[in-house]
Amino acid sequence: MARFRPGGQKVNAGSAARQGAFIVRRAGVDGVTMRAVAAAMDVTPMALYRCFDSAESLRRASISAVLERMPGPPDEGSVADRLGTWADSTRRRLRTADGLAAACIDDWPTLPGGCRMMESLLAVAAEHTESTIHQCEIATAVFGYAVSRAIVDRAVLTRRRERRLPAVEARPVQYPRLAALDHRCELIDLDRAFAAGLDALLTGLLERRTA
C-alpha cells in the first residue's frame with residue numbers, strides 16, 4: 001500500500017473504489033478521475049496508479065462499488081413481485097447519479113457489481129422456469145427495462161416534468177390524437193409510465209410459453 005502525503009489515507013484498490021463510488025453518487029460517473037479520487041483521499045495521483053493502470057479502470061471499479069451496494073430482489077413474494085420490486089428500486093437508485101445507468105448498460109458484464117445484479121435476477125427467474133434460455137430472457141429484459149427507464153427518468157428530472165407541445169398547439173389537425181389528450185402529455189408521470197410498462201413486460205415474460 002502506498003501513502004505519499006502526510007495524513008493521507010493508505011491506498012488500496014478497495015479504498016480507492018469506495019471513494020470513487022462516493023464521487024459517482026455526488027458528481028456523476030465523469031467526476032471520477034485520478035486527480036479527484038486522489039484529492040479526496042489526500043494522496044498523490046501516482047499513489048493510485050499502484051492500484052489501477054488507468055483512470056478508466058478506476059472508473060469501472062467505482063461504478064462496480066456503487067452497484068455492489070444496491071439491494072437484490074426481495075426473498076419473499078411472487079416472482080413477478082420480486083422482479084418488479086427490484087426493477088423499481090434499481091431504477092430509482094441508478095437515476096440519482098449522472099451517467100450511472102448508461103455506464104451500467106455498457107459495462108455490467110465486466111463489473112463484479114453488474115454480474116452480481118444479473119446473477120440475482122437469474123436466480124429469481126430460475127424459480128419460474130427450468131429453461132436457461134427463458135431465465136436469461138427474463139433477467140436481461142427486466143434488467144434492461146429498469147436501467148433504460150433510469151436513463152429516461154434522469155433526462156426528465158434534469159430538465160422538468162412539465163413540457164410543451166408547440167407543434168401540436170400550432171397544428172392540432174395534423175396531430176389529432178395528441179390534441180385529443182387535452183394536455184395530458186405535457187406532464188410526465190414517471191412512476192405511472194414505469195409501472196405500466198413493467199406490468200406489461202412481466203406479464204408477457206412470465207406468461208409466455210417456452211419451447
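This note goes through helices, salt bridges, cysteines and a surface patch in a predicted model.

1. Basis of the values. In this predicted model, local features need pLDDT of at least 70 and side-chain atom pairs count only at pLDDT 80 or more, while totals for chains, interfaces and linings use all residues. Residues are numbered from 1 along each chain as its sequence is written, and side-chain values use heavy atoms, with hydrogens and water left out.

2. Helix 4. Helices here are DSSP runs (H or I, at least four residues) numbered from the N terminus, and the expected span of a helix is 1.5 Å times one less than its number of residues. Helix 4, residues 55-68, has 14 residues and reaches 20 Å from its first C-alpha to its last, close to the 20 Å expected. Its buried residues (under 20% relative accessible area, where over 50% is exposed and anything in between is partly exposed, with a 1.4 Å probe and protein chains only) are L58, R59, S62, I63, S64, A65, V66 and L67. The cover over the buried residues of helix 4 includes helix 1 (13-27), helix 5 (79-94) and helix 7 (112-126).

3. A salt bridge is taken as a side-chain nitrogen of Lys or Arg within 4 Å of a carboxyl oxygen of Asp or Glu, and R60 forms one with E56, the closest N and O atoms being 3.2 Å apart. R60 and E56 are four residues apart in helix 4, which separates them by about one helical turn. An α-helix has 3.6 residues a turn, so residues three or four places apart point the same way. Both partners are partly exposed, R60 at 27% relative accessibility and E56 at 34%.

4. V79 is buried at 14% relative accessibility; leaving aside neighbours within four places in sequence, V79 is in contact (heavy atoms within 4.5 Å) with V124, E127, H128 and L206.

5. The salt bridges of R91. D88 and R91, three residues apart in helix 5, form a salt bridge with closest N and O atoms 2.8 Å apart. R91 is buried at 0% relative accessibility, whereas D88 is partly exposed at 23%. The side chain of R91 also meets that of D191 in a salt bridge (2.8 Å, N to O). D191 lies in helix 11 and R91 in helix 5, so this pair ties together parts that are 100 residues apart in sequence. D88, R91 and D191 belong to a network of salt bridges that also links R92, R95, R149 and D153, and the whole structure has 14 salt bridges.

6. Cysteines. The structure holds zero disulfides, a disulfide being a pair of cysteine sulfur atoms within 2.5 Å. For C115 the nearest cysteine sulfur, that of C104, is 10 Å away. C115 is partly exposed at 32% relative accessibility, and C51 is partly exposed at 29%.

7. A nonpolar patch. Patches are made of residues with over 30% relative accessible area and no salt bridge, with like charges joined within 9 Å and nonpolar side chains (Val, Leu, Ile, Met, Phe, Trp, Tyr) within 5 Å. Y175, L178 and L181 form such a nonpolar patch on the surface, with about 220 Å² of accessible area together, computed by the Shrake-Rupley method with a 1.4 Å probe, where for residues only the protein chains shown count as cover. L178 lies in helix 10 (residues 176-180) and is partly exposed, with a relative accessible area of 35%.

Note on methods: Helix = DSSP H or I, 4+ residues; strand = E, 2+ residues; numbered from the N terminus.
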